[in-house]
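Look at the sequence and the structure first, then read the points below.

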Amino acid sequence: MDFSAIIQSSQSEGKEKHVPTITVDKGYKEGHDIVRVVVGHETPHPNTPEHHISWIELYGVKKDNNQVINLGRATWAPVYSNPNVRFQINQIKDFKAFYALAYCNIHGLWGNMLAA
């Protein structure tokens, strides 16, 4: 099985919102920018022990050689926290794209990409 076959995207979206939304806040500090990833940006995802987002990972694709860099991972406990994370990225100019993965304990793995 191809790994991409298990990652769902906006075409698979139902009433719950699972696709991670990626935004970039350039100029947070000199040399440091913020990449924010949220699941349920417009419509909140359930956050119960029975149905929740467990984690989000952020990857960057470098401009010069297409190398994929794991920039970080955030995990959450259901009920007490929400799937909303900010990654402070050094040398953001080195990246041509960002890819976020989010895992719902019921509906599986979801992904989204943002060209930098």
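The chain has 116 residues, and 40% of them count as buried. The model is a predicted one. Its elements are eight strands and zero helices.

**Overall make-up**
- Along the sequence, the elements follow the pattern β-β-β-β-β-β-β-β.
- Of the contacts between residues at least 6 apart in sequence, 59% join residues at least 24 apart.
- The chain exposes about 6900 Å², and 49% of this area is supplied by carbon and sulfur atoms.

**Aromatic pairs**
- A pair of aromatic rings is described by two values, the distance of the centres and the angle of the planes.
- The chain has two aromatic pairs.
- One of them joins Trp 55 and Tyr 103, with 5.9 Å centre to centre and 10° between the planes. This pair is stacked because planes under 30 degrees apart count as stacked.
- Trp 55 belongs to strand β4 (residues 53-62) and Tyr 103 to strand β7 (residues 95-104), so the pair links parts of the chain 48 residues apart.
- Phe 95 and Phe 98 also form a pair, with ring centres 5.6 Å apart and planes at 40°, so this pair is tilted.

- Trp 55 has 15% relative accessibility, so it counts as buried, whereas Tyr 103 is partly exposed at 31%.
- Phe 95 is buried, with a relative accessible area of 9%.
- Phe 98 is buried as well, at 0%.

**A charge over a ring**
- Arg 73 lies over the face of Trp 55, at 4.2 Å from the ring centre.

Note on methods
Residues are numbered from 1 along each chain as its sequence is written. This is a predicted model: local features need pLDDT of at least 70, side-chain atom pairs count only at pLDDT 80 or more; totals for chains, interfaces and linings use all residues. Side-chain values use heavy atoms; hydrogens and water are left out. Helices (H or I, at least four residues) and strands (E, at least two) are DSSP runs, numbered from the N terminus. Buried means under 20% relative accessible area, exposed over 50%, partly exposed in between (1.4 Å probe, protein chains only). Contact means heavy atoms within 4.5 Å. Accessible areas come from the Shrake-Rupley method with a 1.4 Å probe; for residues, only the protein chains shown count as cover. Rings of Phe, Tyr and Trp (its six-membered ring) pair if their centres lie within 6.5 Å; planes under 30 degrees apart count as stacked, over 60 as edge-to-face and the rest as tilted. A charge sits over a ring if NZ of Lys or CZ of Arg is within 6 Å of the ring centre and within 35 degrees of the ring normal.
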